[in-house]
Amino acid sequence: MKKFILKRLLISIPVLIGVTVIIFFLLNVVPGDPVALMMKEHISVDVVARVRAQMHLDDPAIVRYFRFLGGALKGDLGESYKLNRPVTSLILNAFPNTLVLALWAALFAWIVGIPAGILSAVKKYSLPDNLFMGFSLLGVSMPVFWSALLFQYFFAVKLRWLPVAGFEDWRYVVMPAIVLGWSSAGIIARLTRSSLLEVMRNDYIRTARAKGLHELPVIFGHALKNSLLPVVTVMAIQVAGLLAGAVITESVFGIPGVGRIAVNAIQARDMPLLQGAVLFETTLVILGNLAADILYAFLDPRIKAA
Amino acid sequence: MLSMALLLVGVFAVGAFAAEKVFTIAYNEEPQTSDGQMTTSCYMIPMNVYDRLIECVTTAPGKSALVPGLATKWDVSKDGKVYTFHLRKGVKFQNGEEFTAKDVVYTFDRMLDPKTKALNTDILDFVLGAQDRMDGKAASTAGLKALDKYTVQITLAKPFVPFLAIMASPQASILNEKFTKPLGNKYGLSAKATCGTGPFILKEWTLNDHHTMVANPNYFRGRPQIDKFVVKIVTDPETMRMLFEAGEIDLFDCDFAMSQIPYFTSHPKWGKQTVSGPRVGLYYYSINQAIKPFDNVKVRQAFQMAVDRKLILQKMFYNHGQLENGVMPKGLIHYNPAQAKIEYNPEKAKALLAEAGYPNGVDMEIALVASTGSQWQKMSEIIQAMVAKSGFRVTLKQMDEAAFYATRKEGKLPMYTNKWSADFNDPDNFFYTFFGPKGTVARSYNNNSPEVFAALDKGRSETDFTKRGKLYAELEKKIVIDQAAWLPMFSLKHIYVVQPKVKKFVVPWNGWSDFPVYETRVE
């Protein structure tokens, strides 16, 4: 297993370098000048030229890239053009907020998604099944910005149960976690349902029933563990996805997380900050996938043996 | 028992009496710094944490005056080149240091020091020796001198009349040398790295979330009435509106969501809570003379005539403003209400186009920034339909913000619309910005008119108030009517909605979304 993990980690290094090259290339190809963007309406050609030179933005792209890469290898991601602060500290300060949001969203998705999937499978084509699957479909298909606005309107403006936006205490996490986790809950519910239904058709389930076992032990003792195999994999990848992809939720609910940093960096053509944010989020996704593979191996002995 | 009850009532009464007076607002952009020298927008912190030598205050709706700030009085030499400021004594910075002339010299020299990488050097580049300092050829700025502890002398390379007005802009906020110098480029990046003399102290700052300013008990004009001023960073306008309706913010700035104006102004509760003031600024459409057929003055005049600005003002902006026909909007000194009007006449526009050699009409583009408010797009769509009658076939070109500004800087951007509000109350802030030799290219006008450039230089040094007013009135006619170099649209009132607990809110003199809250009162 150690060899497997080490191999996967080594493979991820060229992936990370490739990502930095792509980002760097894209930001150099698209037009945009970070200093002109900082000055916007107050643009002065002289000031732009002077500040660009002072920030070494006129150096050749290749020089700037290797300067960045050299720093990154030493753990220094440089300074944000716009915010003038170290990229590493900007990301590390924002990450706990993203982490809190993602973990609560994942927890919501699991607590709601798995029981909903089980109930739907057990009572298939019944009213609860239709209700739960409708809920899942809504979660998967409704855009986050829209569900966020609906939640804000009803629970914050009309009912005044929760604050509209911000990030101060637990009350501020409830709505964004549900909105962000809803789509994941929908996927988990649907996957649990289909996987459980498939497992329930196996011979060993029929045998268990033939032996006179009650339905509950059949489901929870025999079927569920095997049916959750693909679900657990998806869950691990989802956590990584939630950590990396909460951009809209963070914007609508005013959460100072990594997603907002990345969006601001793109808009400001803030190369060091964007590189840092993308590198960080790519690492999270790679680690999430790795965790999924390891979990899968632990849960399914056949894979470990292979 | 009775005494216990009275005691309890007393405790609660004192508690209620001592409740913190907090004023909370939402702002749509994170300030990158609290240092006014390092930003060209987001001046909320500089306007409340620092003071300037001179302040510009609202005296009546749409009217302003320059009043003493950290300088109690000032003298200007007869040749208009030497400004001597007599400073207020006994003013303390928030770190306890006394404010002196050395701080003023340090502040302005720091701005010009190339190591600072300041973005606002434009406000000082006319000071004697400024260019050498910016180019790294001098270790200090020749024109900046502390004559004694409380007197500063600033010598300009040549007379520059707007200088006093510029000194009142937030970019000219005064820093404390002892506090600022050791921090280098880290100054202004956190609450701990910020220090002014102003009414509020920056207490807390969480990036992309909020920043909090608290009342400065030692402020030289007296402690502010509010205890705490919180600015939440909210990028989504819909979220901003809901925050306001849920009572989580005390002021809703309609500039961040213009489409909400009819909702708020007609609302039974909020309608009574609106506060508005004129904006010393205008909406405009640029015209790029480097892009054919707009090199032809008749085509430019035809375009001006083809737009029914009044209709747009009525239907899209609910008539909350007035048409503008020049370069100087209402509220600016030397504003000329008698400026010749731009006529709306689509038939005449069509005839002018034919006269210019385009009887079959012309193709043109209007550039739009995809990420900015929808009002720009709507207005341009209306104009697209409107001018078609006169023969202008408009294509709307969506661009991202970075590409927009990069192309504009090169002088290659097609027509676009935007608004400009005064940084300081002087015509130069409008004329030179848009029609000066560099501004006209960097803003994609390319109105390279030597006559205009010469008049602009003359306007900067003309010390006679009446003559200066006449000069700008003539220049305005030349630029807008004779050269048809841009299309001024209208100036709009700036509308804010406040919670009932807000008892006083003063609309800033220029109508910005950044404002001082020293005079604000909340219950």
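At what angle do H16(B) and H17(B) pack, and how far apart are their axes? They pack at about 155°, with the axes 10 Å apart. Axes here are lines fitted to C-alpha atoms, for helices over the stretch in contact, and angles run from 0 to 180 degrees between N-to-C directions.

## About the model

This is a predicted model, in which local features need pLDDT of at least 70, side-chain atom pairs count only at pLDDT 80 or more, and totals for chains, interfaces and linings use all residues. Residues are numbered from 1 along each chain as its sequence is written, while chains are lettered from A and ligands numbered from 1 in the order in which they are written.

Helices (H or I, at least four residues) and strands (E, at least two) are DSSP runs, numbered from the N terminus.

## The helix pair in chain B

Back to our opening pair: the angle makes H16(B) roughly antiparallel to H17(B); angles under 35 degrees count as roughly parallel, over 145 as roughly antiparallel, 65 to 115 as roughly perpendicular and the rest as oblique. The crossing is left-handed, a label given if the near helix is turned anticlockwise from the far one by less than a right angle, with right-handed used if clockwise.

From H16(B), B:Val452, B:Ala455, B:Lys458 and B:Gly459 meet residues of H17(B) that include B:Leu471, B:Tyr472 and B:Leu475. Two residues are in contact if their C-beta atoms, placed from the backbone, lie within 7 Å. By class, this contact has 6 nonpolar, 1 polar and 3 charged residues. Ala, Val, Leu, Ile, Met, Phe, Trp, Tyr, Cys and Pro count as nonpolar, Asp, Glu, Lys and Arg as charged, and the others, Gly among them, as polar.

## An enclosed helix

Helix H14 (residues 428-435) of chain B has 8 of its 8 residues buried, so it is largely enclosed by the rest of the structure. A residue is buried if 20 or more other C-beta atoms lie within 10 Å of its own, exposed if 12 or fewer, and partly exposed in between, with C-beta atoms placed from the backbone. Among the elements covering H14(B) are E17, H16, H17 and E18 of chain B.

## The open sheet

In chain B, 5 strands form an open sheet with mixed pairing, in the order E16-E15-E17-E13-E18. Strands E16 (392-399) and E18 (486-488) stand at the edges with a single partner strand each, so one side of each is left without a neighbour in the sheet. Neighbouring strands are turned by 30° against each other on average, direction ignored.

E15(B) and E16(B) pair in the parallel sense over 8 bridges; strands pair if DSSP finds at least two bridges between them. B:Leu368 stands opposite B:Gln398 in E16(B).

Chain A has 14 helices and 0 strands, and 41% of its 306 residues count as buried. Its C-alpha trace spans about 85 × 55 × 30 Å along the principal axes.

The contact takes 42 residues from chain A and 40 residues from chain B. On the chain B side, H13(B) gives the most, with 7 residues. That side has 16 nonpolar, 13 polar and 11 charged residues.

## Local backbone details

The peptide bond from B:Lys292 to B:Pro293 is cis, with omega near 5°. B:Pro293 lies in the loop between E13 and H9 of chain B.

A:Asn84, which is not a glycine, has a positive phi of about 60°; A:Asn84 counts as partly exposed, with 18 C-beta neighbours inside 10 Å. B:Ser444 also has a positive phi, near 60°, but B:Ser444 is buried, with 23 other C-beta atoms within 10 Å.
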